[in-house]
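Please look over the model below. The report that follows goes through it part by part.

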Amino acid sequence: MSLTYEEVVAKYEPVLGLEVHVELNTNSKMFCGCSTIFGAEPNTQTCPVCLALPGALPTVNERAIESTIKIGLALNCSIAPFSRFARKNYFYPDMPKNFQISQYDEPICVNGYVDVEIETDEGPKVFRIEVERVHMEEDTGKSLHVGGATGRIHGAEYSLLDYNRAGIPLVEIVTKIVPGTGKYAPEVAKAYVAELRDILRSLGVSDVKMEQGSLRCDANVSLRLIGSDVLGTRSETKNVNSLRSVERAIRGEMIRHAERLNSGERVKQETRHFQEDTGLTRSGRSKEQAEDYRYFPEPDLVPVAPDAAWIEQLRAALPERPSIHRKRLQEQWAVPDKEMSAMINADVLDVVEATVALGADPAKARSWWLGEISRIANERDVAIKDLSISATDVAEIVALVNAGELTDKLARQVVEGVIAGEGRPSAIIAARGIKVVNDDSALMAAIERACAGQPETAQKVRDGHLPAAGALIGMVMKDTKGQADAAKVRALLLAHLGQSEG
Amino acid sequence: MIRNSASEMASKLASGEVTSVALTQAHLDQISAVDKDVHAFLHVDTEGALSQAAAVDAKRKSGEKLSRLAGVPLALKDVMTQKGIPTTCGSKILEGWRPPYDSTVVTNLKKNGIVILGKTNMDEFAMGSSTENSAYGPTHNPWDLTRIPGGSGGGSAAALAAFEAPLAIGTDTGGSIRQPAAVTGTVGVKPTYGGVSRYGLVAFSSSLDQAGPCARTVLDAALLHEAIAGYDPKDSTSINAPVPAVVVAAKAGNVKGMKIGVVKELNGDGYQKGVRTRFEESLELLAAAGAEIVEVSAPNFEYALAAYYLIAPSECSSNLARFDAMRYGLRVGDNDGASAESVMNLTREVGFGREVKRRIILGTYALSSGYYDAYYGSAQKVRTLITQDFNKAFEKADVLVSPTCPTTAFKIGEKTNDPLAMYLNDIATIPVNMAGIGGMSLPSGVAGEDGLPVGFQIMSPVMKDDRMYSVGASLEAALLSKWGAPLLSTIPALAGSK
């Protein structure tokens, strides 16, 4: 019995719960001095501590605590004057100690919120997502199960273990239950994760790359009949690795739950794994029998008791909230909503801002990043930010165009040169011998040569048939190797032939 | 030569009367002669010890300034990592493992030029009071080879009593330094928790474990204490403060004007007659030396043993989870098609002994959801109450004293089937670990009824470890002048002993 989304939300109210794991971008691991660089040879970034050799002890990375407090403050949380690490005990080969150092009943940040604004049928509406806690923990190693049908440990022929990731600092941000979003639940969730990502990026505490796993979202979804105040059974969808997937996963789970409920079946409490290709989830571990993690305070670490003055210092140094920042930019630049969204979606807002800060006109800066540069990125199928062109380059190019030293066409050549790695714009201009032909006498000579070369065309123009001028302008441009300003050529040519723009 | 104290050996080394190589060789010879009967050592690093000794001799020859104990040999409890040297913790599960790193204690020993002879036997993962729980067979008490040398650090204590080493390192979670010292007639000190780094000490119960010095005299213990103690950034629970002036205190041995509190609850019923007699005699000697003896009460000590047997197993159930055959040590059942889970299970089944399994099961249960508050939670409350009892007692007295153990050394095999009777051995030592304070055991003579050594325990407040050395040195001097010779000079000679 297949249901449409509209049928689902007409009958049921979704209740969400979101758990976001963020890998911090500290140089060293949470409890030892090992490097955290992504993509190193397996098991090269390990030591007695993160391999859990007998006798080794953890020590806390102060920088990770600072980052976590910043996150808590940015999410409007209270910072606990005294919090503790706890051991979460369970056996798994990629967890060297067979317990994870985490926080349990005494997390470092509690009771915050994030406001997100989304477009509804009644116009823009703000939803408040309440944050229950933000806590610190360590990541596990990675297992690669080889052979067997499922790619899971059961049935595998053998498993490979890489402990480079073991002990990377993780922050877990857990919301309270989120009711009242109705049919907008998937969009609210997506907006929340996007807002979190922006906040984390503005704090500079994480790379927040969902595709590399430095930001991971688990989405809890349950349904209840509209009007009911009893919570339904939830499923917990893992492996949601993009903003779009957050939306798709929740929408998909809402439909799946509703179909089960409508046909009189029970929703199982379990983890589900999101499948990027189908947009569906597949059943994972059952959570009907709650796992007993035997949490207890980590005796190897002293409690975390951050100094109140230090917290206030961190609070005072917080950057402007990204959503507020965006609104301010939009007003300053007088950009329509659509253009603003285009910049956000293309992930160029910050480089545009940087380009403007270097003196470029906002409209010009935007048009370079969203236009030519974005086109090249698409062509090469890479992210705009992975191209080797900076805000400084673009600002310089804009300034050269404004000064009349480059035409738009020449500027595009310079952009290509920068992206091709030929150097800074000034170096490319010098190396390629690019210069605007502004010398009227040189241009006039070229115009005269063109008219002499095509006397019939020149006559047509003299007779008032202006479209014919194009061929002559083309010749002039060719003659000047494209370095002339086409508009100027046109003006001079028309004047030369006794015409003016109609 | 091997019967000298460590400080006497140090003086002879400094004066050039003896070389470290000769001294080390003499101890290695003694080990060869007697350890087949005593079984104090699990591993003797002959080559390594002699080369460390030669290095110290060379430095001394070149006129380099050396630390006081440079060149003196030492026995290391097999629970401490030493780079490249087998470290088993008395367990099959670590058989063949050679750590790639030095514990901080070993780093400090090496820095001081102390020569490490080898690794000493112990109850598996330091769980036990007799060294009978070692997977490699029991250690025998040099006073009577049919008796236990205490535990878990029976190997370290027996090595001292058998003159196989003048110094040793022990670790003390509930009495594993002090009880073996008591039953072998040696000196053992558990410093304040956090006084000596735990980095490289294979954890039994993290919040209770503490490494400390074992020796034949109070001054020797103080010299070793000073060499291994101090703040270590690698141990988050390490105390960032100067090491108490233990050597100064041990040299002065002055108790004039000190108030010594006798803990009412740690005496009387359940304590062997000879133990009580020796204890009373020591109190009289301390009073005669100018101390004021007062009585203090610690009503919550009654619950210490019960609380200890919840906290220590809980922590150990988690600490020992890492022994899973994945990265080091024993691996059992790794045949074609065996799952990681079955290899883990089989390895732990085969690799751990009965007592270790008993405590893992106990701790797993105590931490379980639904039982946590009643067991682990209540035990932590008792711990707080015990600390409060100590705080109150230390308002009345500078140090507290008691017999170290209720009895002298029992026979090997006598209590192996009665874990509760075994646990009761530590009734007087456990409160010290629960509160994280310092504790020392030194010999107070032998019990009249069995001629076996009796220990006298001194307890001092957090980071006031110097006080127990003052009292210990004073009592040691008084007993020495009473006996005319050290207690260990009366130990029966071992077959083949030098």
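## Terms and numbering

Two strands pair if DSSP finds at least two bridges between them. Helices (H or I, at least four residues) and strands (E, at least two) are DSSP runs, numbered from the N terminus.

This is a predicted model, in which local features need pLDDT of at least 70, side-chain atom pairs count only at pLDDT 80 or more, and totals for chains, interfaces and linings use all residues. Residues are numbered from 1 along each chain as its sequence is written, while chains are lettered from A and ligands numbered from 1 in the order in which they are written.

## The sheet of chain B

Chain B holds an open sheet of 11 strands with mixed pairing. The order is E1-E3-E2-E4-E6-E5-E10-E11-E9-E7-E8. Strand E1 (41–44) and strand E8 (292–296) of chain B stand at the edges. Each has a single partner strand, so one side of each is left without a neighbour in the sheet. From one strand to the next, the twist averages 30°. Axes here are lines fitted to C-alpha atoms, for helices over the stretch in contact, and angles run from 0 to 180 degrees between N-to-C directions.

How is strand E6 (residues 211–215) of chain B placed, buried or exposed? Five of its five residues are buried, so E6(B) is largely enclosed by the rest of the structure. A residue is buried if 20 or more other C-beta atoms lie within 10 Å of its own, exposed if 12 or fewer, and partly exposed in between; C-beta atoms are placed from the backbone. Strand E4 (residues 167–171) of chain B pairs with E6(B) in the antiparallel sense over five bridges. Strand E5 (residues 187–190) of chain B also pairs antiparallel with E6(B), over two bridges. B:Cys214 is the bridge partner of B:Ala168. B:Cys214 is also the bridge partner of B:Gly188.

Strand E9 (residues 399–403) and strand E11 (residues 453–460) of chain B pair in the antiparallel sense over four bridges. B:Ser402 has B:Gln457 in E11(B) as its bridge partner.

Helix H9 (residues 273–288) of chain B lies across strand E7 (259–263), E8, E9, strand E10 (438–446) and E11 of chain B. H9(B) runs at about 50° to E11(B).

## Helix H3 of chain B

Helix H3 (residues 46–61) of chain B has 16 residues. From its first C-alpha to its last, H3(B) reaches 22 Å, close to the 22 Å expected at 1.5 Å a residue. The expected span is 1.5 Å times one less than the number of residues.

B:Ala49, B:Gln52, B:Ala53, B:Val56 and B:Asp57 are buried in H3(B). Seen down the axis of H3(B), its buried residues fall within an arc of 140°, so they line one face of the helix. The arc is that of the directions from the helix axis to the C-beta atoms. These buried residues pack against helix H2 (20–38), strand E2 (73–77) and strand E3 (115–120) of chain B. On the other side of H3(B), B:Glu47, B:Ala58 and B:Lys61 are exposed. Just after H3(B), B:Gly63 takes a positive phi of about 85°.

## Strand pairs of chain A

Strand E2 (residues 78–79) and strand E5 (residues 109–120) of chain A run antiparallel, joined by two bridges. A:Ile79 stands opposite A:Cys109 in E5(A). E5(A) also pairs with strand E6 (residues 123–138) of chain A, in the antiparallel sense over 11 bridges. A:Glu119 stands opposite A:Pro124 in E6(A). The hairpin between E5(A) and E6(A) passes through two residues.

Chain A also has an open sheet of three strands, ordered E4-E3-E14, with antiparallel pairing. Its edge strands are strand E4 (99–102) and strand E14 (296–297) of chain A, and each pairs on one side only. Strand E3 (residues 86–89) of chain A pairs with E4(A) in the antiparallel sense over four bridges. A:Lys88 stands opposite A:Gln100 in E4(A).

## A:Asp440

A:Asp440 is found in helix H13 (residues 440–453) of chain A. A:Asp440 is exposed, with 11 other C-beta atoms within 10 Å. A:Leu492 is 52 residues apart from A:Asp440 along the chain, and their C-alpha atoms are separated by 8.4 Å.

## Where the chains meet

34 residues of chain B are in contact with 26 residues of chain A. Two residues are in contact if their C-beta atoms, placed from the backbone, lie within 7 Å. Helix H10 (304–319), helix H11 (340–351) and helix H12 (354–367) of chain B each supply at least two residues of the side that touches chain A. H10(B) gives the largest share of that side, three residues.

By class, the side of chain B that touches chain A has 15 nonpolar, 12 polar and seven charged residues. Ala, Val, Leu, Ile, Met, Phe, Trp, Tyr, Cys and Pro count as nonpolar, Asp, Glu, Lys and Arg as charged, and the others, Gly among them, as polar.
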